[in-house]
Amino acid sequence: MLFWPVRWALRIALLLAAAIFLYFAVTFVQVWLTSREYDPKPAGAILVMGAAQYNCQPTLDLQARLDQALTLYHQGYAHLVMVTGNKKPGDRCTEAESGAMYLEKRGVPAADILEAGGDTTYGNIQQAAPVLAKHGVKVVLVTTDPFHEDRSMAIASTLSLSPSPTPTQSSPITGWSTVPYFFKEAVGVGLGRIIGFNHLEWLHDA
């Protein structure tokens, strides 16, 4: 028979485990609900989250984000497009540079394209924020994969931007393949709220 201190310790541990599970379950639902939101509105700029490129050519994932930005730009929601992302060792172009070239080839004037670096979601937005501020931009349309939208907007909000969700409608990551990404984002958003989104360098970005 367990002594009462042990029973109480077990009860507290179970309650704590249940609270943690509930917290991340609710966060998962929030991430999923945000992924389904699409709310374009007049803004100062379209903020395109970085994704991989190879030999200065955007991957299908980055291309989908850029195509969404093109749609919003040509619809007149914003007249500036902020592309983000650094490069890996050995790359010729940064993600931002490859994105800028992609947009220019499709009719966006170079003067309407802004670039920022960053190796993570937080780094992308952290480096983009002061550039946007210099152009008087506070309201942004955040364009990324649907599962990545909630964390991106949360980070933008912490960095004094006013974001609106405009996830890409043509992401190559669809169906059941999105499940691990949603779980990863739920963990990222849940922990980010507690320890700060700037402390999630270990969270590999898609």
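Helices (H or I, at least four residues) and strands (E, at least two) are taken as DSSP runs and numbered from the N terminus. The structure is a predicted model, in which local features need a pLDDT of at least 70 and side-chain atom pairs count only at pLDDT 80 or more, while totals for chains, interfaces and linings use all residues. Residues are numbered from 1 along each chain as its sequence is written, and side-chain values use heavy atoms, with hydrogens and water left out.

The chain contains six helices and seven strands, which follow one another from the N terminus in the order α-β-β-β-α-β-α-β-α-β-α-β-α. The C-alpha trace spans about 75 × 35 × 30 Å along its principal axes. Of the 206 residues, 47% count as buried, a term that stands for under 20% relative accessible area, with exposed meaning over 50% and partly exposed in between (1.4 Å probe, protein chains only). Among contacts (heavy atoms within 4.5 Å) with a separation of 6 or more, 70% are made by residues 24 or more positions apart.

Cys-56 is placed in the loop between E2 and E3, where it is buried with a relative accessible area of 8%. Its phi is positive, about 70°, although Cys-56 is not a glycine. Most residues other than glycine have a negative phi. Ser-160, in the loop between H5 and strand E7 (162-165), also is not a glycine and has a positive phi of about 70°.

Helix H2 (residues 60-74) includes Leu-62, which is buried with a relative accessible area of 2%. Apart from its neighbours within four places in sequence, Leu-62 is in contact with Met-49, Ala-51, Ala-52, Gln-53, Glu-95 and Ser-98. Met-49 lies 13 residues from Leu-62 along the chain, and the C-alpha atoms of the two are separated by 8.2 Å.

H2 and H3 pack with their axes 10 Å apart and at an angle of about 50°, the axes being lines fitted to C-alpha atoms, for helices over the stretch in contact, and the angles running from 0 to 180 degrees between N-to-C directions. H2 is therefore oblique to H3, since angles under 35 degrees count as roughly parallel, over 145 as roughly antiparallel, 65 to 115 as roughly perpendicular and the rest as oblique. This contact involves Leu-62, Gln-63, Leu-66, Asp-67 and Leu-70 of H2, together with Glu-95, Ser-98, Gly-99, Tyr-102 and Leu-103 of H3. The buried residues of helix H3 (residues 95-105) include Glu-95, Ser-98 and Tyr-102, and the buried residues of this helix pack against strand E2 (53-54), strand E3 (57-58), H2, E4 and E5. After H3 comes Gly-107, with a positive phi near 100°.

Helix H4 (residues 121-134) has 14 residues and reaches 21 Å from its first C-alpha to its last, close to the 20 Å expected, where the expected span is 1.5 Å times one less than the number of residues. A kink of about 25° lies at Ala-128, shortly before the proline Pro-130; the bend at a residue is the angle between axes fitted to the seven residues ending there and the seven starting there. Ala-128 is among the buried residues of H4, which also include Tyr-122, Ile-125 and Leu-132. The buried residues of H4 pack against strand E1 (45-48), strand E4 (81-84), strand E5 (113-116), strand E6 (139-143) and helix H5 (149-158). Just after H4, Gly-136 takes a positive phi of about 70°.
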